[in-house]
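Reader: I would like to go through this model with some care, starting from a single side chain and ending with the chain as a whole. Could you show it to me?

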Amino acid sequence: AVRKGQTFEGRLYLRGSGDVVVALQSADGTKEYASQRITGIGAAWKKFPFELTAAAADGDARFALYLDRPGRVQADQVTLMSTGEDRFRGLPLRGDIGQAMVDQGLTFLRYGGTMINIPGYRFKKMIGDRDKRPPYHGHWYRWSTNGFGIEDFLQFCEKAGFTAAFAVNIEETPQDMADMIEYLNGPVTSEWGRRRAENGHPEPYGVKYIGIGNEEVLFNGDRADEYDHYVERFNLLHDAIKGKDPSVKLISTAWWRADSPSMERTFRALDGKADYWDYHPWADQLASGREVEAELRRMRELFLRWNPSTTMKCVIFEENGNRHDMQRVLGHVTLQNAVRRMGDFVLTSCAANALQPYRQNDNGWDQGQVFFTPSQVWGMPPYYAQQMAAAHHRPLTVGCGVEGADGVLDVTATRSREAGSVVLHIANTGAEPLRVGLRVDGMGKVSQARMVSLSGDLDAVNTPEEPRRIAPVGRELPARAAQTVDIAPYSYTIVVLDE
């Protein structure tokens with residue numbers, strides 16, 4: 001998609017004889033909105049930068065590279081991207097997509113998944129000049145370019161204001177991991193800190209969280225030898241990473257199987273070394289929260305049984321599912337309520353996936369929160385649920401009980417540290433509207449009360465034509481600590497009471 005007057009810059013590598021034309025055209029090639037002739041092509045590969053400014057708008061344009069006279073030319077590493085405010089805070093990333101994630105209220109972002117389990121996924125291959133990073137055979141896509149890697153992710157999080165966590169392949173060498181930590185967190189006077197500065201980032205990234213692997217010992221079932229291999233690799237990488245920066249928190253990604261005889265053995269081997277155990281639940285069923293809470297309580301009970309003095313806790317780096325509708329909202333919200341009830345045993349819960357290209361998702365994970373086309377970005381219902389929770393976050397939990405409603409209401413309560421604000425998170429997983437009586441004991445005079453609600457049919461989603469079909473709706477409430485409110489069916493409602 002191009003707008004009239006929009007400027008794009010690009011680069012490509014060429015060798016051969018003759019001239020090449022780069023152009024912005026209509027999809028059928030009958031109209032040309034901008035072009036530039038590239039000359040000086042020789043026998044050796046050479047990089048050619050160029051700039052194109054569209055003379056007209058076209059929502060379905062194409063980028064063309066062609067010869068208009070006899071010649072023989074080879075091309076490689078062709079890149080085209082928008083410029084100026086169309087970029088995210090100066091980075092070579094789409095500004096509208098990055099801003100949508102900021103507007104969602106995110107504060108923590110995890111970069112990982114099955115893509116990191118591939119032999120070619122190595123940190124040292126994804127730093128420096130993007131054009132010269134070696135490609136590799138990926139998991140989701142056979143030809144992966146390393147054009148966006150761990151350092152690029154950290155730069156995005158830095159600009160967005162997110163706390164970053166990422167995963168590394170367990171077969172990385174200890175030396176490469178020591179060099180990675182020096183590159184990311186070391187001073188500019190160190191060897192790898194100097195290389196970071198040469199690559200354009202003098203200041204350390206200050207990385208805090210690293211997952212050792214992703215869903216390890218999942219794909220071949222409950223195999224004791226694979227758990228033992230994981231422990232071996234974790235310990236090697238632990239020593240290398242902590243030797244460079246003891247402040248980094250490491251996450252075990254051995255697949256959690258509470259009934260496996262390998263669990264206690266793995267826990268004891270990693271206790272005191274892994275700060276968190278990564279647990280990946282399913283999160284698109286109405287009962288997801290109850291099921292996850294039961295498993296989290298079991299995990300905590302087992303940890304304390306195996307070592308009453310343990311400091312290991314849990315992190316949920318993937319809430320997975322196959323949906324991005326209101327049903328996924330309720331699965332996510334009830335899971336968030338479960339995490340709130342678990343207190344500080346759970347560091348964070350990250351809902352997968354962040355992004356999804358509209359009608360081009362072909363890897364089976366139909367669970368994006370931010371959808372996009374070449375010209376549009378919009379949030380799905382789970383996006384707004386996350387935004388609501390972020391906008392009304394309070395750090396301390398309050399005792400909360402529910403009477404009646406036959407188990408369809410899932411509620412948690414939180415308050416500010418100064419006790420001047422109480423927030424109720426209410427999930428109605430039933431098909432009927434409910435009239436609910438609220439009572440907050442011990443609260444002083446309420447100066448203001450309001451509610452915001454997200455509701456719709458279980459399969460309701462947002463579309464390019466109706467990007468806010470399912471979106472939060474707010475209204476004022478009477479300023480009192482005890483009152484009755486109407487809760488819509490299949491809804492997530494937040495009630496805020498301020499003293």
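Reader: Is D225 buried, partly exposed or exposed?

Author: This is a predicted model, in which local features need pLDDT of at least 70 and side-chain atom pairs count only at pLDDT 80 or more, whereas totals for chains, interfaces and linings use all residues. Residues are numbered from 1 along each chain as its sequence is written, and side-chain values use heavy atoms, with hydrogens and water left out. Buried means under 20% relative accessible area, exposed over 50%, and partly exposed in between, with a 1.4 Å probe and protein chains only. D225 has a relative accessible area of 43%, so D225 is partly exposed.

Reader: Which residue does the side chain of D225 meet in a salt bridge?

Author: A salt bridge is a side-chain nitrogen of Lys or Arg within 4 Å of a carboxyl oxygen of Asp or Glu. For D225 the N to O distance is 2.6 Å, and the partner is R223.

Reader: What is the N to O distance in the salt bridge of D96 and R94?

Author: D96 has 36% relative accessibility and so counts as partly exposed. R94, with a relative accessible area of 28%, is partly exposed as well. Their side chains meet in a salt bridge, N to O, at 2.9 Å.

Reader: Which residues are linked with D68 in a network of salt bridges?

Author: D68 forms a salt bridge with R69, with the closest N and O atoms 3.6 Å apart. Relative accessibility is 40% for D68, which counts as partly exposed, and 43% for R69, which also counts as partly exposed. The network links D68 with D19, R37 and R69.

Reader: How many salt bridges does a search of the whole structure find?

Author: The search of the whole structure finds 32.
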